[in-house]
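Welcome, and take a moment to look over the model before reading on.

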Amino acid sequence: MRKSVFLGALTVAGLAAGAAAAATLDDVKARGTLNCGVSTGLAGFSSPDANGNWEGFDVAVCRAVAAAVLGDQSAVEFVPTTGKTRFTALSSGEIDMLSRNTTWTFSRDNDLKFTFVGVNYYDGQGFIVPKALGVTSAKELDGATVCIQTGTTTELNLAEFFRVNNISYEPVPIETNAEALQQYSAGACDAYTTDASGLAASRATFENPSEHTILPEIISKEPLGPLVRHGDDEWGDIVRWTLNALIAAEEMGVTSANVEDMASAPTNNPEINRLLGTEGNLGEIIGLDADWAKKAIAANGNYGEIFEKYIGEKTPIGLARGLNAQWTNGGLIYSPPFR
Amino acid sequence: MSDTHGETVRFVRETMLPEREPPTSQVGLLGWGRDNLFTGPFNTIVTIVSLVLIGYLLAGLLPWMFQSVWRADSLSECREIATATWGQSEGHACWAVIRERWPQLLFGFYPSELYWRPILAFALLIVAVAPVLFPWASNRLLAVSAAYPFLLAWLLWGGSIWGPVMVAAGFAILYFGVTLLSGRIGALGALIVAVVAALLWWLFAVGPVAGELARLIPIGLEPVESRDFGGFMLSILIGVVAIGCSLPIGIVLALGRQSDLLIVKALCVGFIEFIRGVPLITLLFVASTLLNIFMPPGTDFDIILRVMIMVTLFASAYMAEVVRGGLAALPKGQYEGADSLGFDYWQAQRLVIMPQALKISIPGIVSTFIGVFKDTTLVSIIGLLDPLGLTNAIRADTAWNGVYWELFGFIALLFFIFCFGMSRYSMYLERRLRTDNH
Amino acid sequence: MTTLTDPPKETFRLGMLIYDTRYRSMTIQVVALIAFMLLAAWLISNTITNLNTLGKPVQFGFFTETASYDINQKLIEYNNQDSHLRAAFVGLLNTLLVAALGCVTATVVGVLVGVLRLSPNWLVGRIMTVYVEMFRNVPVLLWIVLAMAILIESLPAPSAFRGDDPSSTMKLMDSVAFTNRGVYIPEPLFTRSLGDIHLFGASPVRFDISLDLIAFVLVLGLSIFAARKISARARAVQEATGVRPRTWHVNLAVIFLPTIALLAALGFHLGYPALKGFNFQGGTHMRNSLIALWLALSLYTAAFIAEIVRGGILAISTGQTEAAGALGLRPRRIMSLVVLPQALRVIIPPLISQYLNLTKNSSLAIAVGYMDITGTLGGITMNQTGRELECVLLLMLVYLVLSLMISAVMNFYNNRVKLVER
């Protein structure tokens, strides 16, 4: 496939290329790799290490889908996208799915024609300020200079928040998170606003994290999740239920450590059996192998394990589960039943 | 008169004096300084101000550069070591980030065990351009130049060797078709037949034949996705591909712009002025957002190929102007001489005009290359991981969040070395070519 | 003469379209045109098919929708309830602002450096060479990012001005504040202002022009015109009598008195910036993003202009310099009266393309968050509405028109300078 793309560039590719709009699953299987759009770099969610391996919370979702579809969690081509390029990359077919802390909104779903398959992180937009500023509420930020990342929903939320509260501010639009942090820590803006998870992640990397405080106001709802193009519901279902499998696995106590044991023979919990393919034919219904969910869970563990590994309290990011705890623990993370 | 005068003279020198050393204030360092630095009060003041400025800059830069930390795993560790050694973490570079990430800055995510391939491709590039750039290089190396585009593709992307070979075979069909057939059905007829045959070959035969050959005689390298390309390798690759492909396009555009054919001229002028009138970044936006929309449904170039296409179009407009300059610089006698020999238009271009015009244009081509090479940094804006794009990715790693000057300094230094070397070489070429002409 | 026969009858055969040179050019042109049109048709039909599949037919209606984002740097009044078109217009003005500032600064610095590179002072020549090579051989995007980083890291935050014993103070008699959010300078204010004229009503391209500014420019222009008349008269007297009457004090008075009178009548005073709340209030705020972009673009382009200027000066034969020296002119006057005016002919054409480059490079503003047209129309608007085709095409059109306008103006000037040539 790669070679034909290359030859296509040398000759007149357009004429030879077949129509491939419909079945993303077939494309992915024929290609042997999953093209997954991720952020060019956001600590904890996606960043390449020194060897060029992508790691992070969003990256793990891509890997789980690759494991479920192709049986190999490393069969993923990560396509780094910016806030600007992510949607065109998805709608043009360059990537099969986007897992890049993207907020699920009405217009993105309907106007931009994408299907959000679920939520892997419930977030909200917050503010971080230096303690020395003496600010305790976002409403005291009248006249302040606020750094924002462009190309995101945050800049619209920010404009709305200040307009509704009738206070003035000076926005400083910045392309990347790293750039924004540099300006904030140099004092070029009084406050930095982005998703609260991002704020916590960023605070961890400051020289003196204790000198900065995250204001109590969360000015928006930011349900972040993976998304696919409109028009291929089968593919959307695969991504949706892979994510649900990770979530359900945590709820049912299936971890990367015991998934092999549980999948080797039917357990006495029928839903685990259906999930892991030892009972029923859920894999066949969705168009995958019977043990698709087992492979997805074995890749990086269940939802809770992924959370703890990349952004949990033991990592430098240090996020508490909060809203993202299982519904049984008072959170919002909830998977529909596997039946 | 003379007698009386003669008597008054007490002393007449009869031999020349030996030469004396000039005064010490006129020679050596001192004299040079007087001539060049302290010629008058104004110049003296300027010199002193300049010296103070340089001293101030160096006093800030040198300790930062040389009292620095080379071995650490993260920025915070760097800061700890700096504090332990010099008492403060400010003002000391943390080169450890370069030490850890330099392969990534050079090669992107190219698999590290395959680094020899881009290095070999780069070395071959120098061999391939040697006949053009170095006077001592043998013309037999032109064979390498002709094979180079296919070698480059094969080395970098890997895969079976038969794909590039079969594409090259298409060019062979084109060449032999024209030379063999032109005797029988005329030059134009031969050209048309050859082009059609080559197109048919590329479109329908290359894929199956290459696939079949690859099955029978599997010679190949491990394939590498173009998404793994990054860093300076990506910059150089985009620059080389763009210049290589834009040269023929540029020649055609330049000829079109010079021609008497009104419509052809209008099309060429329109294209050149349009491309030169818009910023490269908008063309890159086209590459990242629109190019797939312009293509038939279902076509999917990957982003690096799309960027290469747009940068090639960009470079070809500038190349056309460079070639046009070369054409304009040729004396009219050359055109008339070619006409008087009875050459037709294409013969005259091929045998008389172009060899000379292109030779004059070489410095211009080199500087266009430098420009395009510098402009490849813009691809970071559309999310490709060129050196600048990689700095963002590196700083997103929690270990290196906050590193700034070290990364940019390193990148700027590499760009400087490369571009400065090229521009010096182009100046040397210009001098050499000028003496040749006289 | 009897051997003369009738010329063979002209019969048209299809082959003549290719082999007859009279028709061949026509054939080639027609083929080229058809090929071009086929290509265009192919691209357009692909585009339409693809857009229909995506469900996004080409339409420009989104321009009238509410932009709902804020822009910090704006020359005209704008808020987040204005339309996308208005935002694009704000961006366009920002592009023009930085391009104009950049061209002027680049020319001044470039000419200075170009002349200094030829300075007899060895050290100065070397420093200028290092400057030129450093800036020419490193990508401009890197310079823009570095300029921004230097401003942010080296200047104090506004909080450093606060407190009883601030670590930073305002400069120039408390009138200018250099902070890492930008430079705050005094702004001109009028107590008896003439007001503004509002152009274009309520349309998205409406803008206000200050009548005070118009009055000021008008009076100053008239004064200068009058002063030049006086000088011309003085020259006439000089040519007639050989004695030049002293006019400089009259000139000075003619230029400055009416202007000062006007300013006094309007109640001119300066509004000084002062630290209030989080930021400095009052005064004019030149944002870091603007300064960084301006500095980087002009220093980068100046390095190229310096080389052009140096080349132009070297192209003037030494005989000119020596002849001017023989006339008794001082070195600096030789440069300004003899060499530079002649070098200008060589300098201007490449200078035009540098101005074009600078304007096009200003589209990199996005890297430092300066909201030029690429940042508004090609950035946030495109991202929020998802109308890539419309936004990118319009963006290209804007830059194309801008480039053509600059070329036209500069070519006009070039032709005027050229007329001097003999």
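Two residues are said to be in contact if their C-beta atoms, placed from the backbone, lie within 7 Å. With that in hand, we can turn to chain C of this predicted model. Among the contacts in chain C with a separation of 6 or more, 64% are between residues 24 or more positions apart.

What is chain C built from? It has 13 helices and nine strands. Its radius of gyration is 29 Å, while the globule rule gives 22 Å for 422 residues, so chain C is more spread out than a compact globule. You can follow this in the C-alpha trace, which spans about 105 × 75 × 45 Å along its principal axes. Buried residues account for 33% of the 422 residues in chain C.

Now move to chain B, where you will find 17 helices and two strands. Chain B has a radius of gyration of 31 Å, well over the 22 Å from the globule rule for 438 residues, so this chain too is more spread out than a compact globule. Its C-alpha atoms fill a box of roughly 110 × 80 × 40 Å, taken along the principal axes. Of the 438 residues in chain B, 37% are buried. Looking at contacts in chain B between residues at least 6 apart in sequence, 68% join residues at least 24 apart.

Chain B is also divided into domains: domain 1 (31-62), domain 2 (102-110 + 227-437) and domain 3 (159-221). The centres of domain 1 of chain B and domain 2 of chain B, taken over C-alpha atoms, are separated by 41 Å.

Where do chains B and C meet? The contact takes 42 residues from chain B and 45 residues from chain C. On the chain B side, helix 3 (41-66), helix 11 (262-277), helix 12 (280-294) and helix 17 (405-437) each supply at least two residues. By class, that side of chain B has 31 nonpolar, 10 polar and one charged residues.

Chain A brings us to another division into domains. Its domain 1 is made of 2-12 + 22-122 + 224-329, and its domain 2 of 125-220. The C-alpha centres of these two domains of chain A lie 30 Å apart. Between them, 16 residues of domain 1 are in contact with 14 residues of domain 2. The side of domain 1 of chain A that touches domain 2 has seven nonpolar, eight polar and one charged residues.

Finally, how far can you trust what you see? The model scores ipTM 0.86 and pTM 0.86. Chain C has a mean pLDDT of 86, with 95% of its residues at 70 or more. Chain A averages a pLDDT of 86, and 94% of the residues score at least 70. Over residues 1-21 of chain A, however, pLDDT stays under 50, and the model has 44 contacts beyond four places in sequence for this stretch. Where pLDDT is low, the predicted coordinates should not be read in detail.

Methods. Residues are numbered from 1 along each chain as its sequence is written. Chains are lettered from A and ligands numbered from 1 in the order in which they are written. This is a predicted model: local features need pLDDT of at least 70, side-chain atom pairs count only at pLDDT 80 or more; totals for chains, interfaces and linings use all residues. pLDDT is the predictor's confidence in each residue, from 0 to 100. Helices (H or I, at least four residues) and strands (E, at least two) are DSSP runs, numbered from the N terminus. The radius of gyration is taken over C-alpha atoms; the globule rule is 2.2 Å times the number of residues to the power 0.38. A residue is buried if 20 or more other C-beta atoms lie within 10 Å of its own, exposed if 12 or fewer, and partly exposed in between; C-beta atoms are placed from the backbone. Ala, Val, Leu, Ile, Met, Phe, Trp, Tyr, Cys and Pro count as nonpolar, Asp, Glu, Lys and Arg as charged, and the others, Gly among them, as polar. Domain bounds come from an automatic or database domain assignment.
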